[in-house]
Amino acid sequence: MLLKDIVGTLEIEIICGDLDTEIKDITNDSRKVVEGGLYFAVPGAKVDGAVFIPDVIRSGAAAIVTEKGEKALENLLENDILVNGDLDEESSLVIIEVENIRYAMGVMSASFYDTPSDEMTIIGITGTKGKTTTTYMVKEMLELAGIKTGLIGTIEIDDGKEKIPSINTTPESITIQKKLRDMSDNDCEAVVMEVSSQGLMMDRVAGIDFDYGIFTNLSPDHIGPNEHDSYENYKECKKKLFSMCKTGIYNMDDPEAEYMMDGSTAAPITYGKNEDADYIARGHKLYTENGILGIEYDLDGTLEGHVRVALPGDFSIYNSMAATIVADCMGVSFEEIKRILEIIKVRGRVEMIPISDSFTLMIDYAHNGMSLESLLKAIREYEPSRLVTLFGCGGNRAKARRYEMGEVSAKYADFTIITSDNPRDEEPQAILDDIKSAVEKAGGAFIDIIDRKEAIRFAIMNAKEGDVIILAGKGHEDYQEIRGVKHHMDERDLIREILEEEDVGEICGYNNRYFTE
């Protein structure tokens with residue numbers, strides 16, 4: 001592609017060279033520059049990308065984009081790349097300056113990959129809590145309705161052919177645009193993505209044409225020296241999504257919804273228990289059925305009818321409503337939406353493993369005191385005979401998390417099974433001992449079993465009618481990290497292996513339909 005086509009209508013200043021230059025690749029990583037490639041010299045928190053300009057020129061870069069200021073040009077002059085402001089006459093290198101290089105990188109990346117967001121329905125989700133669960137619920141809803149859907153989020157990027165682990169909730173713009181191109185080429189009709197405040201602040205989603213933006217909730221978070229300097233800045237960054245989408249979908253039960261809507265150019269759709277919302281949830285009830293904890297409610301307003309969601313907790317109302325609205329807007333029938341909600345599940349997020357009709361077993365990613373407390377309070381509403389938690393804590397992480405989780409479990413669970421998570425470089429037993437000290441101090445009943453499979457076996461073998469057993473901390477993860485090595489360990493596989501043992505079946509009378517259907 002020619003550089004002039006990549007630049008498009010962006011305002012630029014040409015330092016040297018010709019915009020008719022052909023560009024073969026784009027990157028902001030100096031180590032990945034190829035001959036004929038374009039390099040974005042992005043100023044970083046620790047290192048300015050301009051210092052690598054001599055290296056990228058030696059690698060055969062055809063063009064360099066810098067941010068207006070003195071550093072990049074000074075570097076070029078100091079390295080004799082520019083002499084009196086001009087390149088050597090034999091050089092064909094193009095150097096351009098832009099006001100905001102991160103914004104330019106997003107827009108130019110979109111152009112380089114032929115604006116893939118125009119070819120699919122793009123759904124962006126922002127908020128403080130629940131983005132990941134809502135993202136997966138929307139994806140599951142659309143997939144089960146027959147709409148092939150890509151995903152970009154905290155856990156992974158799913159381009160319709162392969163899944164790769166995520167580094168950031170919202171990746172750099174070049175990565176996003178490349179994966180959007182892959183998704184379109186892989187016949188995805190829609191893409192759902194988590195849009196973080198950092199991603200918005202750093203223009204990682206510049207160049208994306210969002211069809212829908214979803215606001216879940218907002219509370220103070222990510223406030224600090226390396227993130228947002230104030231709650232006001234955090235809010236303003238979140239709000240930015242709703243100037244980038246055609247339709248804004250807002251949770252009106254959150255006090256910040258009005259702020260998010262104020263001044264937005266997006267057509268508004270509202271949801272919640274609020275009487276003024278477009279989609280209203282009324283009279284919710286909890287239900288327990290065949291080892292499944294769920295919630296049901298009457299939907300009123302734009303859609304009217306009774307809804308059952310095969311996921312527990314009040315938060316499942318809001319997640320399911322967001323997914324329902326997107327599906328409704330995309331032409332999925334209400335009957336189909338209701339059918340899907342009765343079977344929907346989100347991997348690693350209150351994911352129930354229905355192995356018995358007499359007790360409930362679930363997997364959840366809750367891996368700190370706050371998330372565990374929120375989960376246990378939600379499950380307490382179902383009035384289980386006993387609430388049993390099984391968890392560990394990661395090594396090489398703040399010890400405070402161990403004490404917090406131990407204290408929370410002792411307070412809200414009837415029994416705690418302390419086991420290993422990702423010990424990393426620490427001794428697993430030392431981590432267990434820290435958790436144990438907190439549970440003991442808070443007066444909770446517990447047992448510690450260092451091997452996670454043995455701990456799960458103990459939980460299943462000792463389950464009683466009406467119990468709810470929560471395997472917390474691992475969630476979607478399918479590995480255990482020990483001494484720098486990730487060993488395969490998926491709790492679903494561990495459960496399956498345990499259920500295949502004759503003594504477990506004889507004692508528990510388990511139902512293995514989860515693994516055989």
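Analyst: A salt bridge here is a side-chain nitrogen of Lys or Arg within 4 Å of a carboxyl oxygen of Asp or Glu. Keep that in mind as we look at this predicted model.

User: Happy to. What makes Asp 448 and Lys 436 a salt bridge?

Analyst: Their side chains meet at 3.8 Å, N to O, and the cut-off is 4 Å, so the pair qualifies. It links distant parts of the chain: Asp 448 is in strand E21 and Lys 436 in helix H14, 12 residues apart.

User: Why is Asp 448 called partly exposed?

Analyst: Asp 448 has 26% relative accessibility. Buried means under 20% and exposed means over 50%, so a value in between is called partly exposed.

User: How do you know that Glu 491 forms a salt bridge with Arg 452?

Analyst: The closest N and O atoms of Glu 491 and Arg 452 are 2.7 Å apart, which is within 4 Å and therefore counts. Glu 491 belongs to helix H16 and Arg 452 to helix H15, so the pair ties together parts 39 residues apart in sequence.

User: Are Glu 491 and Arg 452 buried or exposed?

Analyst: Glu 491 comes out at 1% relative accessibility and Arg 452 at 2%. The buried class is anything under 20%, so each of these residues is buried.

User: What about Lys 474 and Glu 477: what makes them a salt bridge?

Analyst: Their N to O distance is 2.9 Å, and the limit is 4 Å, so they pass. Lys 474 is buried, with a relative accessible area of 1%, and Glu 477 also counts as buried at 10%. In total, the structure holds 45 salt bridges.

User: Let's move to Pro 116. Why is Pro 116 called buried?

Analyst: Its relative accessibility is 0%, and buried means under 20%, so the label follows. Pro 116 sits in the loop between helix H4 and strand E6. Beyond residues up to four places away in sequence, Pro 116 touches Ala 110, Gln 177, Leu 180 and Arg 181.

User: Last one, on the sheet of 11 strands: why do strands E9 and E16 count as its edges?

Analyst: The order is E9-E8-E7-E10-E6-E11-E12-E13-E14-E15-E16, and the sheet is open with mixed pairing. E9 and E16 each have a single partner strand, so one side of each is left without a neighbour in the sheet.

Definitions and conventions:
Residues numbered from 1 in each chain as written. Predicted model: local features only at pLDDT ≥ 70, side-chain atom pairs only at ≥ 80, totals over all residues. Heavy atoms only, no water. Pairing = 2+ DSSP bridges. Helix = DSSP H or I, 4+ residues; strand = E, 2+ residues; numbered from the N terminus. Buried < 20%, exposed > 50% of the residue type's maximum accessible area, 1.4 Å probe, protein only. Contact = heavy atoms within 4.5 Å.
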